[in-house]
Amino acid sequence: MAGASDKARFYLEQSVPELQELIRKKLFTTEEVRSIAKKRSTFEHKLNARGSTASDYARYAVYEMNLDSLRRKRSRRLGVKATSYAGQRRIFFVLDRATRKFHGDTDLWLQYLTFARQQKANKKVTQIITTMLRLHPTAPELWVYAAAYAMEERGDITEARSYMQRGLRLCSHSKDLWTEYLKLEMIHIAKILARRHILGLDATSSERHQVLDTEVITGDVIPLSSTPVEQNMDSDDNRIHSTGFKSIEKKLASTPALNGAIPIAIVDSAMKKFFGDAAFGAHMFGIVAEFSQLPCARRILQHIVNTLLTTAPTSPPTLDCFIRESVVGLVATSREFPGALITVLDRFDSTMQNLGSLDKAQDSTRTCASVSRHMITWILPYLATSELDPDIRCVLKSMVQTAANHCLSDTSVELSSTKAETMTLLEGLNACGFKDLVQSGLVSALKVWPDEPGLLALQASGLQQPDCVQ
């Protein structure tokens with residue numbers, strides 16, 4: 001069996017033609033080529049000896065990437081036509097050896113994939129993903145990576161779903177995999193609706209005909225121009241054709257893929273898998289809330305809230321989602337915001353009343369404080385809106401003061417808050433100028449944590465003047 005030195009010499013001899021070409025085309029000097037050969041020799045002897053590590057392979061791959069990048073820059077600057085095949089092949093060879101020897105190191109696989117994607121080697125990427133998933137079927141992050149590649153690079157939602165579903169069969173315990181699957185489907189819906197908007201398919205038939213008649217072409221909409229089909233529609237059978245198109249439009253608008261049926265199914269399966277975990281449900285609520293501009297988002301949010309109210313009706317994450325559901329995605333200056341704010345007020349009042357009737361006083365105090373703390377957190381950004389209506393600002397200030405009474409009292413701070421949560425809340429209130437609330441909150445917090453540096457610093461620095469409370 002060949003020794004380490006023999007293997008190293010064999011691999012180095014294979015790179016001799018490449019180095020000779022670099023000298024011949026004057027991309028590198030003789031001294032630089034000797035330095036390259038010496039560096040490669042050091043790496044090869046280290047890799048082929050006993051005790052080599054994954055980091056040794058990673059450093060070798062990075063060195064070759066940097067060398068290839070330098071070669072390309074010099075080729076462009078000197079105007080020399082040189083192929084990049086040799087450098088690319090060598091890097092692939094190093095990474096392939098690395099993943100064969102340390103197939104359990106996921107970082108090496110991801111480095112291998114990243115380089116292959118940078119080189120646009122799509123066939124190689126597919127081969128790497130297949131091998132990687134066969135060796136690591138229980139690594140959720142690799143299934144997510146494969147699905148993201150299929151969706152982003154290849155635009156294949158079917159393949160992306162296949163990766164996610166196969167991953168969930170093998171890693172059903174992974175909450176990250178469930179949430180990434182939910183996000184994938186929301187992104188897919190957003191892309192479909194964006195394409196429909198660009199093509200003008202989200203408008204009604206009369207609106208499209210009006211656009212075509214006036215020949216108005218906007219920067220983000222491409223109206224479909226007159227075609228032989230549309231000319232036929234102007235004939236005697238216009239009514240038959242228009243009825244057919246209307247039925248197709250209606251069918252497309254009501255398709256389950258656009259109405260949120262798949263995300264709802266994912267939510268139901270995930271909640272069933274994790275036995276109605278309220279915190280996990282609230283996390284999925286937050287993911288869907290990021291896509292609040294989608295028409296189906298409201299339906300999905302309502303379904304998540306209803307599911308949480310069924311499985312964990314008195315959990316703080318459930319109540320937080322229930323209270324703020326109506327204002328998710330709304331701008332404080334929009335017409336819909338005042339009506340949604342009324343719903344928030346009603347739900348907050350009813351929640352506080354229901355929690356006050358619980359048998360265990362401590363549980364009631366903890367839940368009230370947690371719900372109130374979260375409500376203040378999402379109200380404060382609305383108060384920072386300069387164009388906010390004065391009446392709405394007054395209502396929001398009153399809501400903050402009411403919620404603060406529930407979460408900044410001595411008992412609430414002692415039972416339900418952590419130092420980090422209390423500091424974050426007090427800093428947010430201070431930034432919006434709630435001087436009295438911050439002072440009372442500091443008194444309660446210092447009773448629990450008298451030596452906390454952050455609280456003492458906030459007290460010593462003085463409270464800033466109101467800037468978003470007017």
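**Note on an all-residue reading of the model**

1. A54 lies in helix α4. The model in question is a predicted one. A54 has a relative accessibility of 15% and therefore counts as buried, the cut-off being under 20%. Leaving out its neighbours within four places in sequence, the contacts of A54 are F102, D105 and L108. Of these, L108 is 54 residues from A54 in sequence, while the C-alpha atoms of A54 and L108 are 7.4 Å apart in space.

2. Helix α4, which spans residues 54-78, also takes part in the lining of the largest cavity. How many cavities of 30 Å³ or more does a search of the whole structure find? The search finds 1. The volume of the largest cavity is about 70 Å³.

3. The residues that line the largest cavity are E18, L22, F28, R40, E64, L67, D68, R71 and G87. Which helix gives the most to this lining? Helix α4 does, with 4 residues. At least two lining residues come from each of α2 (16-24) and α4 (54-78). Sorted by class, the lining holds 5 charged, 3 nonpolar and 1 polar residues.

4. For the protein as a whole, the secondary structure comes to 24 helices and 0 strands. The protein has 470 residues, and 41% of them count as buried. Its accessible surface is about 25500 Å², with 54% of that belonging to carbon and sulfur atoms. Among contacts with a separation of 6 or more, 64% are between residues 24 or more positions apart.

5. The largest nonpolar core has 128 residues. Inside this core, the residues with the most contacts are I129, I376, L396 and L429. Helix α19 (residues 361-383) supplies the largest share of the core, 10 residues. Setting aside neighbours within four places in sequence, L429 is in contact with I376, L380, V400, L408, F434, L437 and V438.

6. E159 is placed in helix α9 (residues 157-170). Is E159 buried or exposed? E159 is buried, because its relative accessible area of 17% falls under 20%. Not counting residues up to four places away in sequence, E159 touches A150 and R154.

7. Most residues other than glycine have a negative phi. K120, which is not a glycine, has a positive phi of about 60°. K120 is found in the loop between α6 (106-118) and α7 (122-135). With a relative accessibility of 62%, K120 counts as exposed, since the cut-off for that is over 50%.

8. F275 is the other residue to look at. Phi of F275 is positive, near 55°, and F275 is a residue other than glycine. Where does F275 lie? F275 is in the loop between α14 (261-273) and α15 (278-289). F275 has a relative accessible area of 78% and so is exposed, the cut-off being over 50%.

Terms used. Residues are numbered from 1 along each chain as its sequence is written. This is a predicted model: local features need pLDDT of at least 70, side-chain atom pairs count only at pLDDT 80 or more; totals for chains, interfaces and linings use all residues. Side-chain values use heavy atoms; hydrogens and water are left out. On a 1 Å grid over the protein atoms alone, a cavity is a set of points where a 1.4 Å probe fits but cannot get out, and a pocket is an open set with protein on both sides within 12 Å along at least five of seven lines; lining residues have an atom within 4 Å of a point. Grid points are joined across faces, edges and corners, and a volume is the space filled by probe spheres set on the points. Ala, Val, Leu, Ile, Met, Phe, Trp, Tyr, Cys and Pro count as nonpolar, Asp, Glu, Lys and Arg as charged, and the others, Gly among them, as polar. Buried means under 20% relative accessible area, exposed over 50%, partly exposed in between (1.4 Å probe, protein chains only). Contact means heavy atoms within 4.5 Å. Accessible areas come from the Shrake-Rupley method with a 1.4 Å probe; for residues, only the protein chains shown count as cover. A nonpolar core is a set of buried Ala, Val, Leu, Ile, Met, Phe, Trp, Tyr and Cys residues joined through side-chain atoms within 4.5 Å.
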